[in-house]
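Work through the exercises below with the sequence and the model at hand. Each task is followed by a solution in steps.

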Amino acid sequence: MEHLVLVLAVVGLAGIGAQWIAWRTGLPAIALMLLAGVVAGPVTGFIQPERDFGPLLKPAVSIAVAIILFEGGLSLNFRELRQVEGAVHRLVLLGVPIGWFLGALACYYVAGLVWPVAILFAGILVVTGPTVVLPLLRQTHIAARPRAILKWEAIVNDPLGALCAVLTYELLRHAGAGISVAESIARLAVASLLSGMMGYGAARAIAWAFPRGHVPEYLKAPTLLVAVISTFVAANLLQEETGLLAVTVMGIALANMKAARIRDILSFKENITVILVSGVFVVLSASLDLGVLHTFEWRFGLFLVALLVFVRPATVLLSLAFSRIPWRERLFVAWIAPRGIVAVAISGLFALKLGGLGYNDGATLVTLSFAVVVATIVAHGFTMGVIARALGLRSTEPPGVLIVGATPWSTALAGHLRAIGVPVTVADTSWPRLAPAREADILTYHGEVLAEASGEALDLHRFAALAAVTDNEAYNALVCSEFAPELGRDAVYQLGDAAGDDPHRLPDALRGRALFASGLGVEELHDRMAKGWTLGSVRLDAPDFGAVRRQLPEDADMLLLVRRGGAIRFFSHASRPAPEVGDIVIAYAPTMRLEVAPDWTTAPDLETEALPIHAGSDR
């Protein structure tokens with residue numbers, strides 16, 4: 001028992017540690033989790049999943065995959081389908097059968113599997129899998145359309161791949177029982193339809209019960225989790241592996257029901273999914289037997305090459321032929337197809353079942369499935385950013401700043417950021433208030449940023465920080481609270497001091513970090529504007545703020561600094577960024593003349609006047 005507790009701790013540490021290292025270094029998290037599992041399992045022998053978890057291993061992995069697919073379904077919004085020009089429909093309706101056919105040819109003629117096993121394994125390989133695709137998309141900032149295509153394909157095709165394998169197995173099992181192919185297909189189709197209806201019904205029940213107060217707030221997340229598991233198990237009772245279809249339909253349906261109030265528990269679902277992806281991937285990697293490398297034949301290597309450079313590209317290019325998707329996006333999607341947990345788990349399941357039917361090649365599935373996972377993770381994980389950049393699908397500009405609230409001060413700040421090469425967008429609900437920003441050629445967004453559709457229109461992946469600077473501090477706090485889960489609590493800022501002993505102030509958990517180390521508030525900002533204060537910029541020639549202070553008036557407030565590589569660091573009540581040579585500091589002070597570089601690459605020594613702020617506004 002003590003060893004099992006220790007194993008669980010090591011699994012969690014290895015999985016989350018790998019994700020943290022990936023965040024710090026930019027390396028693919030999936031590759032690091034795979035490495036961590038191999039080290040903890042076959043290399044050191046500390047984790048042996050079959051020994052440590054016994055009969056609980058397979059059901060635990062199955063439930064974890066179901067929850068991951070459900071959470072992935074929650075991220076699918078039908079509005080995204082309008083962006084992808086029918087690509088998702090083509091990759092599902094055409095891509096699955098084309099990929100299945102081409103994969104079967106590769107399994108038979110290249111890998112040397114017998115036809116029944118080749119067809120079954122090819123069905124499994126039509127999946128790409130959210131457990132690997134979503135972490136890669138999280139780390140790689142690519143264009144919105146190929147991102148949406150890969151995300152939808154990964155989540156929708158995952159259960160379809162399982163159903164392809166189930167269909168093949170059922171045909172093999174019933175072949176000697178006198179049951180026709182048509183009857184086997186009809187049985188699976190009916191079971192799949194019922195499972196889909198079961199998932200949709202569960203989503204409708206949740207969407208009806210939650211807004212009407214039939215479930216208390218503190219029980220909503222546990223109720224949803226139990227509902228997902230129950231739906232998965234109930235659907236599997238109808239037909240094995242149809243539970244994955246049921247929970248995927250449940251997630252997609254719930255995400256697109258306007259009556260469903262689930263935004264407040266999405267963070268919980270995302271957190272538990274991160275833990276499950278990390279844990280399950282480490283456990284499955286730890287179960288890899290290095291002894292299978294001795295059975296790895298040269299033709300298996302050729303099979304991996306065929307899968308990477310022929311099967312996947314041909315499947316995507318044929319499916320998207322004559323579509324309106326640009327060629328560079330087709331080529332990018334054609335290359336990216338990493339496999340993960342579902343492929344390994346389903347292969348292991350059917351390897352045992354095929355052995356019971358007398359197919360000896362079933363044992364080869366485990367070796368091949370792990371080889372496919374490792375090869376695709378390495379090939380696609382380490383080249384995704386490179387290929388996206390080469391095809392012009394990855395932004396070359398640094399992440400920018402979203403400023404919520406069009407005021408004279410925020411427009412001046414946006415102009416200063418733009419002058420030093422930082423992408424910036426000013427958002428406001430008032431078209432007239434945005435006029436000065438538009439006239440200054442600053443990118444603007446007209447609309448309510450808290451509206452559900454705004455997240456898609458703004459594309460939050462473009463922003464490294466948010467500053468809420470409207471005249472309403474409570475609204476600023478609401479904006480920061482809403483965007484903190486997406487951008488990070490350390491990346492949302494607002495006007496107003498969060499420190500102090502005022503019992504009437506908003507708690508830190510409900511607001512963003514305060515702009516300026518002094519926590520300058522809205523009223524005080526307006527007073528300083530009336531006195532003629534301005535924003536100015538100065539470059540650091542030494543890693544010392546003392547030199548900057550000597551160039552500024554005594555009562556000046558430093559607002560932020562921009563690193564040479566474009567990274568943005570704000571001064572706040574909670575943090576003071578460490579200075580580095582070449583940093584550009586933006587400060588707010590009485591009228592002054594400062595040295596400022598509009599762009600590191602164009603005018604490094606230019607001197608300009610600080611931008612003045614006029615108290616009037618265009619309303």
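**Exercise 1: a serine in a helix**

The side chain of Ser285 comes to 2.7 Å from the backbone oxygen of Phe281. The model is a predicted one, and the tasks are to be read with that in mind.

Task. State which helix holds Ser285, decide whether Ser285 is buried or exposed, and list what Ser285 is in contact with beyond its neighbours within four places in sequence.

Solution. 
- Step 1. Ser285 belongs to helix 14, which covers residues 263–286.
- Step 2. Buried means under 20% relative accessible area. Ser285 has a relative accessibility of 2%, so Ser285 counts as buried.
- Step 3. With neighbours within four places in sequence left aside, the contacts of Ser285 are Met33, Leu34, Gly37, Val38, Pro42 and Phe370.

**Exercise 2: the protein as a whole**

Task. Find how many helices and strands the protein has, and what percentage of its residues count as buried.

Solution. 
- Step 1. The protein has 25 helices and 12 strands.
- Step 2. The protein has 619 residues, and 53% of them count as buried.
- Step 3. Take the contacts between residues at least 6 apart in sequence: 72% of these join residues at least 24 apart.

**Exercise 3: the nonpolar cores**

Task. Give the number of residues in the largest nonpolar core and name those with the most contacts inside it. Then say what Phe121 touches.

Solution. 
- Step 1. The largest nonpolar core consists of 133 residues, and Leu113, Phe121, Leu150, Met250 and Phe303 have the most contacts inside it.
- Step 2. Helix 10 supplies the largest share of this core, 15 residues.
- Step 3. Not counting residues up to four places away in sequence, Phe121 touches Cys107, Leu113, Phe303, Ser347, Leu365, Leu368, Ser369 and Val372.
- Step 4. There is also a second, separate core of 36 residues, with Val401, Val424, Val426 and Phe516 among them.

**Exercise 4: a loop residue**

Task. Locate Asn472 and classify it by its relative accessible area.

Solution. 
- Step 1. Asn472 sits in the loop between strand 4 (463–468) and helix 23 (473–487).
- Step 2. The relative accessible area of Asn472 is 42%, so Asn472 is partly exposed.
- Step 3. A polar atom of the Asn472 side chain is 3.1 Å from the backbone nitrogen of Tyr475.
- Step 4. From C-alpha to C-alpha, Asn472 and Leu495 are 9.2 Å apart in space, and they are 23 residues apart in sequence.

**Exercise 5: a cavity and a pocket**

Task. Describe the lining of the largest cavity and that of the second largest pocket.

Solution. 
- Step 1. The whole structure has 2 cavities of 30 Å³ or more. The largest cavity holds about 150 Å³ of space.
- Step 2. Its lining has 18 residues, and Gly99, Leu125, Val126, Arg312 and Thr315 lie nearest its centre. By type, the lining of the largest cavity divides into 9 nonpolar, 6 polar and 3 charged residues.
- Step 3. Helix 7 gives the largest share of that cavity lining, 5 residues.
- Step 4. The second largest pocket holds about 990 Å³ of space. Of its 38 lining residues, Lys58, Val344, Ala345, Gly348 and Leu349 lie nearest its centre.
- Step 5. Helix 17 gives the most to this pocket lining, 8 residues. The lining of the second largest pocket divides into 25 nonpolar, 7 polar and 6 charged residues.

Definitions and conventions
Residues are numbered from 1 along each chain as its sequence is written. This is a predicted model: local features need pLDDT of at least 70, side-chain atom pairs count only at pLDDT 80 or more; totals for chains, interfaces and linings use all residues. Side-chain values use heavy atoms; hydrogens and water are left out. On a 1 Å grid over the protein atoms alone, a cavity is a set of points where a 1.4 Å probe fits but cannot get out, and a pocket is an open set with protein on both sides within 12 Å along at least five of seven lines; lining residues have an atom within 4 Å of a point. Grid points are joined across faces, edges and corners, and a volume is the space filled by probe spheres set on the points. Helices (H or I, at least four residues) and strands (E, at least two) are DSSP runs, numbered from the N terminus. Ala, Val, Leu, Ile, Met, Phe, Trp, Tyr, Cys and Pro count as nonpolar, Asp, Glu, Lys and Arg as charged, and the others, Gly among them, as polar. A nonpolar core is a set of buried Ala, Val, Leu, Ile, Met, Phe, Trp, Tyr and Cys residues joined through side-chain atoms within 4.5 Å. Buried means under 20% relative accessible area, exposed over 50%, partly exposed in between (1.4 Å probe, protein chains only). Contact means heavy atoms within 4.5 Å. A polar contact is a pair of N or O atoms within 3.5 Å; within protein, one must be able to donate a hydrogen and the other to accept it, and residues adjacent in sequence count only if both atoms are side-chain atoms.
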